[in-house]
Amino acid sequence: MTDVDRARPAFGVYVHVPFCTHRCDYCAFATWTDRSHLVADYMACCRDQARELAAGMPAVTSVFFGGGTPNLVAPSMLDAVLGELPLAPGAEITVECNPDLVTPAAMRAYCDMGVNRVSLGVQSMVPHVLAALGRQHDPTMVAASVDAVRSAGIGLLNLDLIFGSPAESIADCERSLTAAIAFGPDHLSVYGLTPEPGTLLGDDPSRHPDDDDMADKYVIVDEMLEQAGFEMYEISNWARPGAHCRHNLLYWQQGSYAGIGCAAHSHRNGRRFWSVRTPERYIEAIRAAASVEAGSESLDPDERRLEALQLALRTSAGVPAAAVPDDVADLMMPAGDGRLRLTVQGRLLANEVAIRLHHSPHGTE
Amino acid sequence: MPNVPPEPDIRQGSGASGSSGPASIRNFSIIAHIDHGKSTLSDRILELTGAVEERSMRAQYLDSMDLERERGITIKAQNVRVGWRGHTLHLIDTPGHVDFGYEVSRSLAACEGVVLLVDAAQGIEAQTLANCYLALEADLAIVPVLNKIDLPAADPDLYASEIERVLGIDAGEVLAISAKTGDGVPSLLDAIVERIPPPSGDPHGPLQALIFDSHFDQYRGVISSVRVMNGRLATGDRLRFMHAGGVHLAEEVGVRVPAATPADELGPGEVGYLIAGIKDVAEARSGETVTSAVAPAEAPLEGYDDPKPMVFCGLYPVDGDEYPELRDALAKLRLNDASVSFEPETSGALGFGFRCGFLGLLHMEIVRERLEREFDLSLIATAPSVAYRVRTSDGDDVEVDNPSELPPAAQVDEIAEPMLNVSILTPSAYTGAVMDLCQSRRGSMSQMDYLSPERVELRYELPLAEVVTDFFDQLKSRTQGYASLDYDHAGYRAERLVRVDILLNSEPVDAFSAICHRDGAYPYGKAITAKLAELIPRQLFDVPIQAAIGGRIIARETVKAKRKDVLSKCYGGDITRKRKLLERQKEGKKRMKAIGRVEVPNEAFVSALRLDQ
């Protein structure tokens, strides 16, 4: 925590910008490459929804513009949404950016409107690995983007990386990491490549990652980042001390957040709900002043306790020792305060641990 | 479960009801290979004789069990009475698979003749031939018929001369019909009247009636199909069941036209049904002789045999809590199928279950399928085994049908295994392939006959254990489906047999133990460990899978410890999806059986034992 009042409960806002110039082969998220004609209407609807939600909203401690490609739309459109939200002083405001589309002017505009964190989708610094992921950008663009972010005076920089493609050798993986670290980011999100059904990559088993290879690479990633002074605070997230992503952490702390836009998820008062998937249906609903909700779920107290444990397990805060059964104890290490956290081997097997956790009313927080 | 078909709209066939003198009765079965058109012919006969109107016909009327209809086979014998030009015909349907050979012989014992139905495009098949020999031995008249003459590939002349060569029946006597179009079926009915003799029997002698099928109906109890040989069987009679020993009251006798229609009595030569307040088919098995309790016959009819289970396996509920349900289901199923045997057994790996015995592999599959389908159970079946005769060093003979119960090698003097005389009919082009298969299954050839230049009958002596694995499937695949198979039991033969144990994480898993020939033990061990290594998912630790004879390891595979199982990204705050993935993974564990610390998917128990070697 930096300058946000620690006593204030955190509350996040996620804004989904579903537009892209190109769809990556692994992407299963709600994104479209052929809806540019909808951008202005869509963003106006996001602003309207923000206005409506703002009335019942606590002070917002983090905003995350995700996508899709938020830097595909004019900064003023993002600013219009931001302008409706009751921001807490020092709120973390992140924009996810495609390095190909980053311009110094846009970064300056972001800085002026209060954006203090930019996340660049680098994925890999090795051209043939990028090609294997179906990414179009040129890794040399990353350096220019980093400069643009820094020159604009945006304080926090994250780089997203993806590891595990069978086209990526161990050396390729190390090269990407070394290059990424050399840019001096404050934060790195390093995700294992996940074949999702229905994607180009998911439907081609020859492009699926190998579990053992992934495990080898993850161990290397973890070692390199630790050595470079980053701390792992969540399975896929490393940060310089104090520079963890508050918005991201909110998800793993079972925190409250509001989703704006299509396919965005919200969590308030123990209820999880999500909006319609397509931008067309979203625009239609907002204009008709109808609900954008497509589905929801409310967990009973037991389910909630278990969910809290399963989420916390992924973080460096860990879970109460009493929640961990003996047969996975060797995948855990002490985290202080009677808690246990995953070792690096344990993080690789987090699902196996998660489905074994006890959630007795005693022994949980 | 009731097996009586729903009653059709039409209750009455023309001239089919009521009792008639033996001189006008003809009792016959149709002997045919699967797919040669027996059910279609039966349907056509019902239709032509007016027993069932066309509009109320359900395709293949006599195959009334769902399973029978799906698999295109008859499991239970059925019978129906129809009228044809002043005569009463009883059509007695017979089971169509080698597993049910005994039932066939009992059905034939109720007839004076058979219709030998052969596909005019394929010729006679092994099992048809075997049943036809049974009919000849029983001195039954044979009416040979070539079916499917409407097919372009039909070659009636060729197969008529094959019938002449194989069975010594004049080719000129072979009828040609199409059961599908009805072409030639009236002439067939005429030929049945002309060529099959009427039954004989003493109407005034003591009652002797043969039961050739029984099934359990939840409302009426056991309903038996009967053929009266001598005397009269009347509603209200007190009856003695001569083999089972029970005395029961004839609550109802009647005939099927095909709807069950009560009758006052059945006289010599008549075929019908009997309901006698019996709750268990074991009290009224096929082959049983029914006589009068008041004026009994001196002796039962000949040919009664208690069919012995030939193939055994353990059946276990996937969910151990369902053991009582499995017990009840087996008890209910047995009410309808006295040839299933079962007794409780405990497996270290699988918990509480039952050792079950079956007539053959098909019978085993059918029973298992019925248990799962009709009783909504999820079951694990262990490897099928045969019953070995083991002579211990103390000189005792013990029967072992569960490999895990084989005494330690040091206490065993000799193991003998059941043998079969197998007859295989195949187009001669596949002779080599069939011989290779029989050779690889430890068979020794006893005879080889050319039925025609194109068709060969091979006779082999083969161990039953080699036939119950996947012999039939292999035979079919190596001959593109053309070969057919029949077998007889041929006693026991001492062999160099050993038990191969499978160890999972160093602990023996009794469910995977198998007895096999010493020469086959190494390939078997290698194959099953390799298969298991494929089927068992990676765990949190290395899992060695070993095959062993006694203490000696003969094969080993290792399932390496799982290293990665973690979800990566959380899109747009979608925690729900993550949680659901974990819930599904947790659910998946329930479909696993924990053996020691190792989680084994239920499919592994089924798939591991289907080795395609």
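Phi of B:Ser506 is near 75 degrees, a positive value in a residue other than glycine. With 49% relative accessibility, B:Ser506 counts as partly exposed; buried means under 20% relative accessible area, exposed means over 50%, and partly exposed is in between, using a 1.4 Å probe and protein chains only. B:Asn505 also belongs to the loop between β27 (497-504) and β28 (507-508) of chain B. Its phi is positive as well, near 55 degrees, in a residue other than glycine. At 22% relative accessibility, B:Asn505 counts as partly exposed.

Before we go on, a word about what you are looking at. This is a predicted model, in which local features need pLDDT of at least 70 and side-chain atom pairs count only at pLDDT 80 or more, while totals for chains, interfaces and linings use all residues. Residues are numbered from 1 along each chain as its sequence is written, chains are lettered from A and ligands numbered from 1 in the order in which they are written, and side-chain values use heavy atoms, with hydrogens and water left out.

Now turn to a sheet in chain B. Six strands form an open sheet there, in the order β2-β3-β1-β4-β5-β6, and the pairing is mixed. Two strands pair if DSSP finds at least two bridges between them. The edge strands are β2 (79-84) and β6 (175-176) of chain B, each of which pairs on one side only. Helix α4 (residues 126-137) of chain B packs on this sheet and touches β1, β4 (113-119) and β5 (141-147) of chain B. The direction of α4 makes about 150 degrees with that of β1(B); axes are lines fitted to C-alpha atoms, for helices over the stretch in contact, and angles run from 0 to 180 degrees between N-to-C directions. Another helix, α6 (residues 185-195) of chain B, lies across β1, β2, β3, β4, β5 and β6 of chain B, and runs at about 170 degrees to β5(B). Within the sheet, β1 (residues 25-32) and β3 (residues 87-92) of chain B run parallel and are joined by five bridges. You can find B:Asn27 opposite B:His90 in β3(B).

Further along chain B, look for strand β15 (residues 271-275). Is this strand mostly covered or uncovered? It is mostly covered, since five of its five residues are buried. Strand β8 (residues 221-230) of chain B runs antiparallel to β15(B), and five bridges join them. Here B:Val226 has B:Gly272 as its bridge partner in β15(B). Strand β12 (residues 252-256) of chain B also pairs with β15(B) in the antiparallel sense, over three bridges. In that pairing, B:Glu252 has B:Ile275 as its bridge partner. A cis peptide bond joins B:Val257 and B:Pro258, with omega about -5 degrees.

Chain A has a cis peptide bond too: this one joins A:Gly67 and A:Gly68, with omega about 15 degrees. A:Gly68 lies in the loop between β2 (60-67) and α2 (75-84) of chain A. In another loop, between β6 (187-192) and α7 (211-227) of chain A, you will find A:Pro209. This proline is buried, with a relative accessible area of 15%. Leaving aside neighbours within four places in sequence, A:Pro209 is in contact (heavy atoms within 4.5 Å) with A:Gly164, A:Pro166, A:Leu193, A:Pro195 and A:Met214.

How is chain A divided by its domain assignment? The assignment gives domain 1 (11-252) and domain 2 (305-354), with bounds that come from an automatic or database domain assignment. Their C-alpha centres lie 27 Å apart. The contact takes 13 residues from domain 1 of chain A and 12 residues from domain 2 of chain A.

Finally, let us see where two helices from the two chains meet. Helix α10 (residues 301-313) of chain A and helix α13 (residues 575-590) of chain B pack at an angle of about 100 degrees, with their axes 11 Å apart. They are therefore roughly perpendicular to each other; angles under 35 degrees count as roughly parallel, over 145 as roughly antiparallel, 65 to 115 as roughly perpendicular and the rest as oblique. From α10(A), A:Leu306, A:Glu307, A:Gln310 and A:Leu311 meet B:Ile575, B:Arg579, B:Leu582 and B:Lys586 in α13(B).

Notes:
Helices (H or I, at least four residues) and strands (E, at least two) are DSSP runs, numbered from the N terminus.
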